[in-house]
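Please work through each task before reading its solution.

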Amino acid sequence: CPTTEFDWLPAWNCELLHTESGYAERNLIFKSSFFGPEEIWVCVDYQPNRSIAYVRVSRDFSVFMTMKLEDAGGSKTDTHWNITASALNEAGEGMVAELAHGKEQFMKFMDCLDYFLTHGEMIDPEKGLS
């Protein structure tokens, strides 16, 4: 949810463009430059507590991103991510190549989320994304 990301992700930024609730929902549209170039994000599917899918489009590339949750027993949940990026021009080719090698950065985001879920507060920005 773009508005609750402010609670746990240091330096997150977004501007809501279309929403009925202000939270994650199908057809939510917002823009963000958190990952570098300004992107428009559209929530194309939302099943509360089960899955969410976004299409992200910038001037140079597009991304289709899904996240699915699966009960892992007890109080545990498995999360399954699928991220597919496509270049829209020559500049986008380099950006897509960077995304393909972005596992380390992605894991930093997951560390920030884990910290928030464990401690109920945002991780120190100096420790979270540095």
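**Exercise 1. Determine how many aromatic pairs there are, and classify the pair of F30 and Y54.**

Solution. Rings of Phe, Tyr and Trp (its six-membered ring) pair if their centres lie within 6.5 Å; planes under 30 degrees apart count as stacked, over 60 as edge-to-face and the rest as tilted. By this rule the count comes to 11 aromatic pairs. For F30 and Y54, the ring centres are 6.0 Å apart and the planes stand at 85°, so the pair is edge-to-face. This pair links distant parts of the chain, since F30 lies in strand β2 (residues 29–32) and Y54 in strand β4, 24 residues apart. Strands are DSSP runs of E with at least two residues, numbered from the N terminus.

The model is predicted: local features need pLDDT of at least 70, side-chain atom pairs count only at pLDDT 80 or more, and totals for chains, interfaces and linings use all residues. Residues are numbered from 1 along each chain as its sequence is written, and side-chain values use heavy atoms, with hydrogens and water left out.

**Exercise 2. State whether F30 and Y54 are buried or exposed, then classify the pair of F35 and W41.**

Solution. Buried means under 20% relative accessible area, exposed over 50%, and partly exposed in between (1.4 Å probe, protein chains only). F30 has 2% relative accessibility and therefore counts as buried; Y54, at 6%, is buried as well. The ring centres of F35 and W41 are 6.1 Å apart with planes at 25°, so this pair is stacked. W41 is buried at 5%, whereas F35, at 36%, counts as partly exposed. Ring pairs join W12, F30, F34, F35, W41, Y54 and F109 into a cluster.

**Exercise 3. Identify the residue that lies over the face of F35, and its bridge partner in β5.**

Solution. A charge sits over a ring if NZ of Lys or CZ of Arg is within 6 Å of the ring centre and within 35 degrees of the ring normal. R56 lies over the face of F35, at 4.7 Å from the ring centre. In β5, R56 has V63 as its bridge partner.

Methods. Two strands pair if DSSP finds at least two bridges between them. Helices (H or I, at least four residues) and strands (E, at least two) are DSSP runs, numbered from the N terminus.
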